[in-house]
Amino acid sequence: MGPKLASTNGSMNMSYGKRAFFAYGVDQQGQAGWFANVPSKKPLTVGQARAIGGDEWLRILRELYAQDRTAAPEILRHVRPADLVIVGALEDLPTVPTWSRGAMVLVGDSAHATSPSSGQGASIAVESAIQLARCLRDLPTAEAAFGAYERLRRARVERIIAGGARTSSEKAAGPVARVFRDLTMPTVMKLMAKPERMAWQVDYRIDFDAPVDESAILPTR
Ligand SMILES: Cc1cc2nc3c(=O)[nH]c(=O)nc-3n(C[C@H](O)[C@H](O)[C@H](O)COP(=O)(O)OP(=O)(O)OC[C@H]3O[C@@H](n4cnc5c(N)ncnc54)[C@H](O)[C@@H]3O)c2cc1C
């Protein structure tokens, strides 16, 4: 990355470009980290995406963001094909019906993978691990512990997954939706992005020492 972009001072800047979403951060040394969401009618597998190759992806990306008045064109000018981490399509798993069977239990992405748009996947993986540990500590059998763990976690993680899916789909808006979105975004952000509205998601606290609540131990159905 060249010296042209100023540091974003620890923030990620995100932009809905004309044709695709782009996010980046620049550190004090001028090093940029970025990611691009490239809309695609037919989702590509990792293998298909990688088969396209770094040179071609870079050409596609530069063309995709060429008309945007954001940092994307400048950043992409400095990227080399070998720098690209090419992944396949983003896929949502809205719900995983079975989280445990016998002595086996799922935790983290295997139970509740969420779109990177939510920025919450690692956080909810850690939360689930903590809740699972509490349940295993407090309940007499693995079956009881796994059931309580799922009851403590499922509604919260699926709400986050649904929110991430909504954000991802917004990133590939068509031309009319784009104009509407750009006009309404400042007001929507003022109303929606208040810390108190996000608190349920980002201020979530687990009291590890507290015994597992009875409502989690006793199934409701
Ligand atoms: C592009 C992107 C951006 C993201 N941004 C954010 C963010 O900003 N904030 C956030 O909180 N989350 C984010 N996430 C999500 C986060 O990375 C995941 O939710 C988190 O890593 C899930 O942790 P995990 O331990 O469940 O799974 P993983 O981190 O996937 O760990 C699973 C591990 O198991 C290993 N494994 C797989 N199969 C086997 C096997 N058979 N034997 C042995 N090992 C195996 C894998 O190699 C891997 O190391 C992002 C994800 C992506 C893809």
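**Strand pairing, domains and ligand shell**

Strand S1 (residues 13-16) and strand S2 (residues 21-26) run antiparallel and are joined by four bridges. Strands are DSSP runs of E with at least two residues, helices are runs of H or I with at least four residues, and both are numbered from the N terminus. Two strands count as paired if DSSP finds at least two bridges between them. The model is predicted: local features need pLDDT of at least 70, side-chain atom pairs count only at pLDDT 80 or more, and totals for chains, interfaces and linings use all residues. Residue numbers start from 1 along each chain as its sequence is written.

S1 and S2 form a hairpin, with four residues between them. Met 14 stands opposite Ala 23 in S2. Tyr 16 has Phe 21 in S2 as its bridge partner.

The open sheet has three strands in the order S1-S2-S3, with antiparallel pairing. S1 and strand S3 (32-37) stand at the edges with a single partner strand each, so one side of each has no neighbour in the sheet.

The protein is divided into domain 1 (13-83) and domain 2 (100-217). These bounds come from an automatic or database domain assignment. The C-alpha centres of the two domains lie 28 Å apart.

The ligand is surrounded by Gly 108, Asp 109, Pro 116, Gly 119, Gln 120, Gly 121, Ala 122, Ser 123 and Ala 125. A residue is near a molecule if its C-beta atom, placed from the backbone, lies within 6 Å of it. Helix H5 (residues 121-138) gives the largest share of this shell, four residues.
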